[in-house]
Amino acid sequence: MPRMEDIQVVVMMGGVGSRLGSMVADCPKPLLPVGDRPFFEYELILLKAAGLRRFLFCTGYLSSGIEDHFGSGERFGVSIEYQRDSVSEDDKAALLGTGGALRHAYPKLDEDFMLVYADSFMDIDYREVVCRYYDAKRNGALSLMTLLHNGGRFDKSNVIYTDSLKLYDKMNATPDMDYIDYGVNMFSRSVLDGYDDGDIFDLSDIQHALSLKGALEGLVVRKRFYEIGRPDPYREFIAYAGDRFDTPHKAAFLDRDGVLNEIVYNEDTEQLDSPLRVSELKLLPGAAEAVRTLKANGYYVFVVTNQPAAAKGKTDPGSLWDINKKLIELIPEIDEVFMCLHHPKGDARSTERNLIGPCSCRKPGTGMIDEACARYAVDRSSSFMAGDSFTDIECGRTAGLKTVFIGDYKCDVCSRLRFVKPDIVTDTLAAAVDRLI
C-alpha cells in the first residue's frame, strides 16, 4: 500500500452543468458558493485530511476561473496541475466526455491514480480505497469503483453486487441492480491504452467492459453522497454543510479495544491483543447503548484507534478495515472510525513497509483527533476522549479535551500521566456516560 501523499488524485472538472441553468452562466460548478467557500473546497477538505496531496484538475467549461481560484494549490497545502479537456474553455460542443478528457490527460497520469468528480461531496475513508485497490490489483483488477446501496434513492441504481461486483451498466438498468456508483474510483492508466487522444467517450464505457471481464473491483461505502448537478440537491448540500462545517458540535472520541469491544487472547503471541479477524470482535456489555445515549444527547461519536497489527506482520490492512466495518454494523450510531495503521518499529514479517516509522496519527499523538476536527466542526471544550490506556488520556489532554479513563487505574498509569488524573475514572463506558450526561 503506497503512502497517501504519493497517490495522484485526478479531479474531473469539465462539466457544463446545464441542469443548473443561469446559476452556472458565469460560474463553473466546482466554484458554486456554499457558505463562505466554493463547493469543491469541501471535498478538498476530506481529501487533504486523508493525506492526499497531489492533484490533477481536468478542466473544461470556464476553466480559467477554476485555475485562478485554486492556483498551484499552495494556499490549500496541496500541489495542483491542470489539463483542459476542450479546445476552447467556453466551447461546450468541444467537450470530450469523461473518458476522452482523461485520455487527453494521459501524459500527465501516473501508472495508477484515484479519480473523483468535482460536483460531488464524497465522505468516505480514502485510505481504505487505496488499500483495497492495490489488493485487488494483485489479483488482476484494473479499476476499483466505490458503491452505495441505493435502492433508487439517488438516481437509478446501476450495479449488481452480491459478495463482489458482478455488473456495472449505466445505460441499461435491470431489476436486480440495487447499488449505484458512488463517484470515487481507482484506475490503472492502462485502461486508456485502446483509445486515441481526441476520442469522445465516457468512463462508464470502460468500467462496464471491465465489469464484464471481472477486472472491476467493488468497495461498498455507507454514507450518502451529495451531487450538485441540480438545484434541489445543491440547496440540500448548503444546509448540510452549514451544520457540519460551520456549527460546532460536542464530540466523544472513543478508543476501541477495551472500551467498545473485548480484548482477545492471541494464541500465537500468548498475549492479550486486539481482534485480528472479524469473528473475534465482541462488544463489551453496555457499549452500544452508551454510544446511542451519546448520539441522543447531541454528540458526534468518533472511534480513534491504534491498530499496528499489519505493520507488525500479524495481519493485512484489509482485515483491519473489515473489523471496523463490522463494528459500525454493530453500532451504526458511530459517525466515523479513525485508525492509525503505523508502528515506529514494525516487524520484519510485515510486507507493509510504508506503515513502519514515525507518524502524527498514532496515539498519544493527536493526528486522528485533529483529522476529525478538520472534517467536522467540533467544540473541543465540550468534548471528551475515553480510553483504557495512558496513551489515550495523554492524547485527549494534549488535544484539549476532557479525559475519561476506562478500567483499572493503577499506579503505573498514574505515574506515566505525571500524577495528573483524568477528569473521570470509571469501570465502563456506560458508567462514564451516566456521569457525563
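1. Two strands are taken as paired if DSSP finds at least two bridges between them. The model discussed here is a predicted one. On that criterion, strand 8 and strand 12 (residues 216–221) pair, since six bridges join the two. They run parallel, and M145 stands opposite G218 in strand 12.

2. Strand 8 also has a partner in strand 11 (residues 179–188), this time in the antiparallel sense and over six bridges. Strand 8 itself covers residues 143–149, and six of its seven residues are buried.

3. The N-terminal end is capped by D316, with a side-chain oxygen 3.1 Å from the backbone nitrogen of G318.

4. The buried residues of helix 8 are P317, G318, S319, L320, W321, I323, N324, L327 and I328. Their cover includes helix 4 (126–137), strand 17 (300–306) and strand 18 (336–340).

5. The largest nonpolar core has 64 residues, of which F55, F57, F70, M114 and Y126 touch the most other members. Leaving aside neighbours within four places in sequence, Y126 is in contact with M4, E43, L46, L47, A50, L52, M114 and V184. Another core, of 27 residues, lies apart from the largest one; among its members are A290, I323, I331 and A432. I323 is also one of the buried residues of helix 8.

6. The structure holds zero disulfides. C131 is in none, and the nearest cysteine sulfur, that of C340, is 14 Å away. C131 counts as buried because its relative accessibility is 2%, under the 20% cut-off.

7. C340 deserves a separate remark. The closest cysteine sulfur to that of C340 belongs to C361, at 3.3 Å. A disulfide requires the two sulfur atoms to be within 2.5 Å, so this pair is too far apart for a bond. C340 is buried, with a relative accessible area of 0%.

Notes
Residues are numbered from 1 along each chain as its sequence is written. This is a predicted model: local features need pLDDT of at least 70, side-chain atom pairs count only at pLDDT 80 or more; totals for chains, interfaces and linings use all residues. Side-chain values use heavy atoms; hydrogens and water are left out. Buried means under 20% relative accessible area, exposed over 50%, partly exposed in between (1.4 Å probe, protein chains only). Helices (H or I, at least four residues) and strands (E, at least two) are DSSP runs, numbered from the N terminus. Contact means heavy atoms within 4.5 Å. A polar contact is a pair of N or O atoms within 3.5 Å; within protein, one must be able to donate a hydrogen and the other to accept it, and residues adjacent in sequence count only if both atoms are side-chain atoms. A nonpolar core is a set of buried Ala, Val, Leu, Ile, Met, Phe, Trp, Tyr and Cys residues joined through side-chain atoms within 4.5 Å.
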